[in-house]
Amino acid sequence: MSVHDELASVQRCLDDLNRSVGRLEQQLGSGGLEMRRVRADTNHLRESVALLRETADAAMAPQQRPDLVTISDTPYDPSLWVDTDDEGLGARDRRAP
């Protein structure tokens with residue numbers, strides 16, 4: 001089975017669980033600590049499966065490659081380096097420390 005089929009199966013099971021918990025709430029009442037805890041756990045499962053579905057969708061999406069930029073092998077224009085310091089050496093007309 002594919003990931004989407006598995007997630008759909010899990011979602012159906014969660015829907016069944018949610019309906020069953022709803023019926024239990026009608027019979028037992030929703031005020032008890034145990035029932036509130038079961039309802040909270042059911043909601044957390046639903047949220048977790050939703051996050052898992054988003055992650056699976058992102059993982060299955062085709063990855064786009066960034067546009068490639070061609071860099072020329074020709075040397076830079078020497079006028080670009082006029083009045084610049086050599087890194088770590090200081091200015092051209094002075095000695096390094």
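## Surface patch

Tyr 76, Leu 80 and Trp 81 make up a nonpolar surface patch with about 390 Å² of accessible area together. Patches join residues with over 30% relative accessible area and no salt bridge, like charges within 9 Å and nonpolar side chains (Val, Leu, Ile, Met, Phe, Trp, Tyr) within 5 Å. Areas come from the Shrake-Rupley method with a 1.4 Å probe; for residues, only the protein chains shown count as cover. Trp 81 sits in the segment after H2 and is partly exposed, at a relative accessible area of 44%. Buried means under 20% relative accessible area, exposed over 50%, and partly exposed in between (1.4 Å probe, protein chains only).

## Basis of the model

This is a predicted model: local features need pLDDT of at least 70, side-chain atom pairs count only at pLDDT 80 or more, and totals for chains, interfaces and linings use all residues. Residues are numbered from 1 along each chain as its sequence is written, and side-chain values use heavy atoms, with hydrogens and water left out.

## Overall make-up

The protein has two helices and zero strands; these are DSSP runs numbered from the N terminus (helices H or I, at least four residues; strands E, at least two). Of its 97 residues, 9% count as buried. The protein exposes about 8,800 Å², of which carbon and sulfur atoms supply 55%.

## Helix H1

The end C-alpha atoms of H1 are 37 Å apart, which agrees with the 38 Å that its 26 residues should span at 1.5 Å a residue; the expected span is 1.5 Å times one less than the number of residues. Leu 7, Leu 14 and Val 21 are buried in H1, and the cover over the buried residues of H1 includes helix H2 (33–60). Just after H1, Gly 29 has a positive phi of about 90 degrees.

His 4 belongs to H1 (residues 3–28) and is partly exposed at 37% relative accessibility. Beyond residues up to four places away in sequence, His 4 touches Asp 57 and Met 60, where contact means heavy atoms within 4.5 Å.

## Salt bridges

The whole structure holds three salt bridges, each a side-chain nitrogen of Lys or Arg within 4 Å of a carboxyl oxygen of Asp or Glu. Arg 46 and Asp 15 pair at 3.2 Å, N to O; Arg 46 is in helix H2 and Asp 15 in helix H1, 31 residues apart.

Arg 39 and Glu 25 pair at 2.9 Å, N to O. Arg 39 lies in helix H2 and Glu 25 in helix H1, so this pair ties together parts 14 residues apart in sequence. Arg 39 counts as buried at 18% relative accessibility, while Glu 25 is partly exposed at 22%.
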